[in-house]
Amino acid sequence: MKTASFETLSESRAEVPVTFAGQELMLPEGANLAAALLAAGITTFRHTPTSGAPRAPFCMMGACFDCVVEVDGITRQACMLTVTEGLTISMPQEGADGS
Ligand code: FES
């Protein structure tokens, strides 16, 4: 999989369906969730509650919290998770359908 900014090093993983903000995506099973979403072209993971500024993964090691999403209704850091089939991912406070 390749986008303008990111390219995966291996295509050997099976892809599984997940949903991000109401958008169905096929991501490589077992891949880092934050990296897989970025490679799929998702560039905004959440918006700040004060200014509404968009945020996306920065540190990729659990320190910055810019990758926070809701996974199956629980707030999590995407960079600390792996892709599994059927994940329902939403932006915090914006709902599973992105509204
Ligand atoms: S990218 Fe910094 S905590 Fe996930």
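## Arginine 46 and its surroundings

Let's start with one residue. If we skip its neighbours within four places in sequence, arginine 46 is in contact (heavy atoms within 4.5 Å) with Ala53, Pro54, Arg55, Phe65, Asp66, Val68, Met91 and Pro92. Two of these partners come up again as polar contacts, meaning a pair of N or O atoms within 3.5 Å, where, within protein, one must be able to donate a hydrogen and the other to accept it, and residues adjacent in sequence count only if both atoms are side-chain atoms. The side chain of arginine 46 makes one with the side chain of aspartate 66, at 3.1 Å. A polar atom of the arginine 46 side chain also lies 3.3 Å from the backbone oxygen of phenylalanine 65.

Arginine 46 sits in strand β3, residues 46–47. With a relative accessibility of 15%, arginine 46 counts as buried (buried is under 20% relative accessible area, exposed is over 50%, and partly exposed is in between, using a 1.4 Å probe and protein chains only).

## A word on the model

This is a predicted model, so local features need pLDDT of at least 70 and side-chain atom pairs count only at pLDDT 80 or more, while totals for chains, interfaces and linings use all residues. Residues are numbered from 1 along each chain as its sequence is written, and side-chain values use heavy atoms, with hydrogens and water left out.

## Strands and sheet

Along the sequence, the pattern reads β-β-α-β-β-β-β-β.

Five strands make an open sheet with mixed pairing, in the order β2-β1-β7-β5-β6; strands pair if DSSP finds at least two bridges between them. β2 (23–28) and β6 (74–77) are at the edges with a single partner strand each, so one side of each has no neighbour in the sheet. Inside this order, β5 (residues 68–71) and β7 (residues 88–90) pair in the antiparallel sense over two bridges. Glutamate 70 stands opposite serine 90 in β7.

## Cysteines and burial

How many disulfides are there? The count is zero, with a disulfide being a pair of cysteine sulfur atoms within 2.5 Å. Cysteine 67 is buried at 2% relative accessibility, whereas cysteine 64 is partly exposed at 26%.

Zooming out, buried residues make up 34% of the 99 residues in the protein.

Methods: Helices (H or I, at least four residues) and strands (E, at least two) are DSSP runs, numbered from the N terminus.
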